[in-house]
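Please keep the sequence and the three-dimensional view at hand while reading.

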Amino acid sequence: MRSLTLTVAALAGAALLAGCGGAANDGGSPVPVGGSSSSTTTGTPSATLSAPTAVPSDSVQPTSAPPKKAQVIMVAGNFASNPAVQGLVQSYPLYFQSLVSKDDKILRTQFPSFFYSDVSQAIVDARTQGWVMKPPGSVVVRGVQNQPNNIVRVTTCRSQTTQYWDPRGKKWSVVAPNGTPQVIDMIKTGLGWRPYKLAPSSGAKCAGVRYPA
């Protein structure tokens with residue numbers, strides 16, 4: 001009879017705890033709002049729930065650098081399909097870079113020795129005398145002519161040459177504001193078509209040539 005009384009008392013106590021918002025096995029812990037008592041025994045929430053899932057937009061870095069402006073613009077015109085002209089369009093920016101920077105190292109490694117000997121002295125003079133060539137420049141192909149020994153002669157007009165400082169006008173003056181003719185003999189090498197040497201420019205005219213820059 002006594003054991004029956006104790007059992008009834010225990011059941012009454014459990015019912016009392018449940019009515020007060022607790023569970024018989026949770027030590028009386030409060031139940032979360034909108035949840036059941038079983039949610040209090042699931043363990044510590046995952047750290048990913050409180051961590052930000054995306055980087056703020058103001059800290060996003062650009063994926064690529066802005067494109068560099070061309071130092072020289074090549075206009076092949078109707079001669080664009082000629083392999084020698086294609087080689088000139090590809091290699092001339094390196095030559096123009098040497099003129100602008102007054103550094104002939106690129107010419108020594110990327111161009112035939114004959115062409116290097118033709119143009120290196122002008123680069124040395126520009127460096128020692130302080131001449132300046134300002135980009136951007138423009139080169140317009142005016143004609144193509146086959147020569148003996150598999151040489152292709154390309155006639156061009158260049159929009160700017162060496163500039164000098166005019167102390168009276170306090171400005172940079174271009175020696176040939178209408179551009180200057182330049183005739184280049186091209187030859188096919190292991191690197192493709194490359195300038196072989198400078199050819200005489202007598203008879204070549206650049207009057208009326210429109211340069212893109």
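The text below goes from the whole chain to the sheet, then to the helices and finally to individual residues.

## Overall make-up

The model is a predicted one. Its secondary structure amounts to 4 helices and 7 strands, and the order of these elements along the sequence follows the pattern α-β-α-α-α-β-β-β-β-β-β. Of the 213 residues in the protein, 28% count as buried. The exposed surface comes to about 14200 Å², of which carbon and sulfur atoms supply 57%. When contacts between residues at least 6 apart in sequence are considered, 58% of them join residues that are at least 24 apart.

## The sheet

Five strands make up an open sheet in the order E1-E2-E3-E6-E7, and the pairing within this sheet is mixed. At its edges lie strand E1 (72-75) and strand E7 (192-199), each of which pairs on one side only. Neighbouring strands of the sheet are turned against each other by 35° on average, with direction ignored.

| Strand pair | Sense | Bridges |
|---|---|---|
| E1 and E2 | parallel | 4 bridges |
| E2 and E3 | antiparallel | 8 bridges |
| E6 and E7 | antiparallel | 7 bridges |

Val75 has Val140 of E2 as its bridge partner, while the partner of Val144 is Val154 in E3. For Ile184, the bridge partner is Leu198 in E7. In a regular strand the side chains alternate between the two faces of the sheet.

E2 and E3 form a hairpin with 3 residues between them, and the turn of this hairpin is taken up again below.

## Helices against the sheet

Helix H2 (residues 83-101) packs on the sheet, where H2 touches E1, strand E2 (137-147), strand E3 (151-158), E6 and E7. The direction of H2 makes about 65° with that of E7.

Leu94 is found in helix H2, and because its relative accessibility is 30%, Leu94 counts as partly exposed. Neighbours within four places in sequence left aside, Leu94 is in contact with Ile106, Gln110 and Phe111. Between the C-alpha atoms of Leu94 and Phe111 the distance is 9.5 Å, although these residues are 17 residues apart in sequence.

Helix H4 (residues 113-129) lies across E6 and E7 and runs at about 45° to E7. How does the span of H4 agree with 1.5 Å a residue? The 17 residues of H4 should span 24 Å on that basis, and the end C-alpha atoms are 24 Å apart, so the two values agree.

After H4 comes Gly130, whose phi is positive, near 75°.

## Backbone geometry in the loops

Most residues other than glycine have a negative phi, and most peptide bonds are trans. Against that background, the places described next can be checked in the view.

In the loop between H4 and E2 lies Pro136, and the peptide bond that leads from Pro135 to Pro136 is cis, with omega near 0°.

Conventions: Residues are numbered from 1 along each chain as its sequence is written. This is a predicted model: local features need pLDDT of at least 70, side-chain atom pairs count only at pLDDT 80 or more; totals for chains, interfaces and linings use all residues. Side-chain values use heavy atoms; hydrogens and water are left out. Two strands pair if DSSP finds at least two bridges between them. Helices (H or I, at least four residues) and strands (E, at least two) are DSSP runs, numbered from the N terminus. Axes are lines fitted to C-alpha atoms, for helices over the stretch in contact, and angles run from 0 to 180 degrees between N-to-C directions. Contact means heavy atoms within 4.5 Å. The expected span of a helix is 1.5 Å times one less than its number of residues. Buried means under 20% relative accessible area, exposed over 50%, partly exposed in between (1.4 Å probe, protein chains only). Accessible areas come from the Shrake-Rupley method with a 1.4 Å probe; for residues, only the protein chains shown count as cover.
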